[in-house]
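User: I'm new to this one and would like to learn how to read it. Could you walk me through it step by step?

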Amino acid sequence: MKRVLSGQMGWQRWFLLLLALVAAGLLWGTPQLIEPYTGQQPWYESPALFPRLALALALLGGLGECLLRREAVDPSDSEELDSSAARMPLALAMLALFGVYMLAVPTLGYLSSSFLFLLAASRLLAMGWRTALLLALPVSLGLWAVFVLALKVSFGHGWLI
Amino acid sequence: MEFFDSLAQGMSALMGWQTGLALLVGAALGVVVGVLPGVGPGVTIAVLLPFTYGMPPLAGISLLLGVYCGAFYGGAVTSILIRTPGEASSIMTMFDGYPMARAGQAQRALSLAFMSAFVGGMVSALLLGIAARPMAQFAAHFGAAENAMAILLAAVCVGKAYRRQFPAAMMMMGLGFFLATVGIDPNSNEQRYTFGLAGVLSGIPLVPVAVGLFGLAQALVMVSSPVPHFDAALIGRAGVSWRGFLEPFRYPRSMGKGLFLGAAIGVLPAVGAALSTSLAYFWAQRGARDKTPFGQGNPEGIVAAECANNSNSGGAMITVLTLGIPGDAITAIIMGVFVVHGIVPGPSLFMDRPEIINGVLAALLVINVLILGLLVISVKPLARLAYVNPRVLGLVILALCFVGAYSAANSMYYVLVSAAFGLFGLVCARANIPTIPLILGMVMGDTLESALRQVLGRSEGDLAPFFTRPMSLTMGVLMVLMVAWPWLRQGWQRVWPDRKA
């Protein structure tokens, strides 16, 4: 057990522990998180039964992985998405820009927000102004034509289009 | 005879213009995403999912099936020409395809790969047509206890497929099951884990979660990774040769090995095409007719790998259609299309909506023919897609993720959910935590909960029904053996150190 508990407590293990703790918190708080929770039904008819089992599985799995993972794992070993070469600050900055895009669409309108998002994102990736414009203009116009004009997706009315 | 009747019915179900167009667009998109660097069928299917809701069910399913199958073919192009597998399942094709292309036989390698994949795809579709009905008849005897055990067994299989990450996969499966319970409980009308938020009352929707985990996370990785460099000298030599098309039939043993492993492994949940291609490749090395060393351009390596790769699709659809259990993330999302249209996959589907089952069978056959035709006429320009900058693609995918998530319900809440799961998917990828089990858990959670409730309600909390019905007991024992296997093996090795468990 001591051997299992030893090893680096890298951020990956902290993250696993956090997920396990969230599951534990939800498990513990289940009676408060189900409304109206009577607790009068027999256990097998309770609406809390299945979520509790699911959360217990998540908790055990998270703790088990946290204990087994004694060494830092290389992201390139991932069997799904290899993010080993990704620069996290850049990825997070891009996600923040995506958040701004979300806020901009109802205010500015879909076409103008998409254009500005693609332009800003291209510049963030150090693309030249010309490349950024050549990407942002046709892509935003194409998306607007397909989704707003053809498929009639409504994004509300912003200041611009 | 029954098979041909089903096929004829399926073909007539595909006759509408919407379904025909969906087949063509899906097949073309699939091949393109297979070639494009960094873009997989998962991303494309996640982004396309909302648009299938407005289509007739068979058209929506055909579109996604086209992408699913097309990507298997497209992945071989970059494996052979630039030594960069488009999909994980194309790695084995690279081992012999690339040396063959380097030796000036790019067209032969591509033709071998395409024809082998075509045979794999056709055989797996035929297998679906032949095996699905008897399997559904067998599954029709399942009660709620068997259904619950089958889902639990599938969950353990998914976890086991991640080998050393079994606990992490089970954690994500548990989170997926939990997320499926959020919202108003359909049985008691009680609000579960909604935190008083109005948007969460109807539950956590599958579309934005899939868009976030597969689309957004992938796009964020693409835009933040350096542009990969590759030797593009062979791209100009892309093409096909008719002699190469006939060559796979000279190696029936390697072909058979690939077909057998691909179809058999395709049925197993989450194991996927990557394992079947590697097993088929190594199996083909034994008793190969061609004496060229494997890894240096042996055609049998390509034949076995590609046959196995593409014969997965039919096998994976068998479990979806007959048991309502998806084999991987892509079939889980395809199952989402069924559910949105009020179609419940499982044995009753054969009685209730035979046109869907027969339509899927016919669609798989037509898709393979369409893809092969598309590749023959356009492999040269297709290969040039490998030059596309993944960062530019990543930006376009980000914009598509936004509109894909939003248009599922014309709601910014969906975009918010997809952004949150995009971040979660990115962190999980960085921490090497699998996310596919979460989607599988979300898809299977409702069915598992209602099956458990049904059994326990009838027996008033007695667990005996799970252990007194033979099928349920068998699945339970299998599940326990699978979970306990590492300890059993350790014990075996301690008692008999010289024997292999």
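This is a predicted model: local features need pLDDT of at least 70, side-chain atom pairs count only at pLDDT 80 or more; totals for chains, interfaces and linings use all residues.

User: Let's start with chain B. How many helices and strands does chain B have?

Analyst: Chain B has 21 helices and 2 strands. Its radius of gyration is 23 Å, close to the 23 Å that the globule rule gives for 501 residues, so chain B is as compact as a globular protein of that length. If you box in its C-alpha atoms along the principal axes, you get roughly 70 × 60 × 50 Å.

User: And what share of the residues of chain B count as buried?

Analyst: A residue is called buried when 20 or more other C-beta atoms lie within 10 Å of its own. In chain B, 63% of the 501 residues pass that test.

User: Now a single helix. Which residues of α1(B) are buried?

Analyst: First the general idea: an α-helix has 3.6 residues a turn, so residues three or four places apart point the same way. Now the case here. Helix α1(B) covers residues 2–13, and its 12 residues reach 16 Å from the first C-alpha to the last, close to the 16 Å expected. Its buried residues are Ser6(B), Gly10(B) and Ala13(B). They cover an arc of only 55 degrees around the axis, which puts them on the same side of α1(B). Phe4(B), Asp5(B) and Ala8(B), on the other side, are exposed.

User: What do the buried residues of α1(B) pack against?

Analyst: Look for three helices of chain B: α4 (57–82), α5 (91–139) and α16 (354–383).

User: Next, the two chains. How many residues of chain A are in contact with chain B?

Analyst: For an interface, count the residues on each side, then see which elements they come from. Here 58 residues of chain A are in contact with 57 of chain B. On the chain A side, the largest share, 11 residues, comes from α4(A). By class, that side has 41 nonpolar, 10 polar and 7 charged residues.

User: Which strand of chain B is joined to β1(A)?

Analyst: That's β2(B), residues 191–192: 2 bridges join β1(A) to this strand, and the two run antiparallel. To find the spot, look for Ile34(A), which stands opposite Arg192(B).

Key. Residues are numbered from 1 along each chain as its sequence is written. Chains are lettered from A and ligands numbered from 1 in the order in which they are written. Two residues are in contact if their C-beta atoms, placed from the backbone, lie within 7 Å. Helices (H or I, at least four residues) and strands (E, at least two) are DSSP runs, numbered from the N terminus. Ala, Val, Leu, Ile, Met, Phe, Trp, Tyr, Cys and Pro count as nonpolar, Asp, Glu, Lys and Arg as charged, and the others, Gly among them, as polar. Two strands pair if DSSP finds at least two bridges between them. The expected span of a helix is 1.5 Å times one less than its number of residues. A residue is buried if 20 or more other C-beta atoms lie within 10 Å of its own, exposed if 12 or fewer, and partly exposed in between; C-beta atoms are placed from the backbone. The arc is that of the directions from the helix axis to the C-beta atoms. The radius of gyration is taken over C-alpha atoms; the globule rule is 2.2 Å times the number of residues to the power 0.38.
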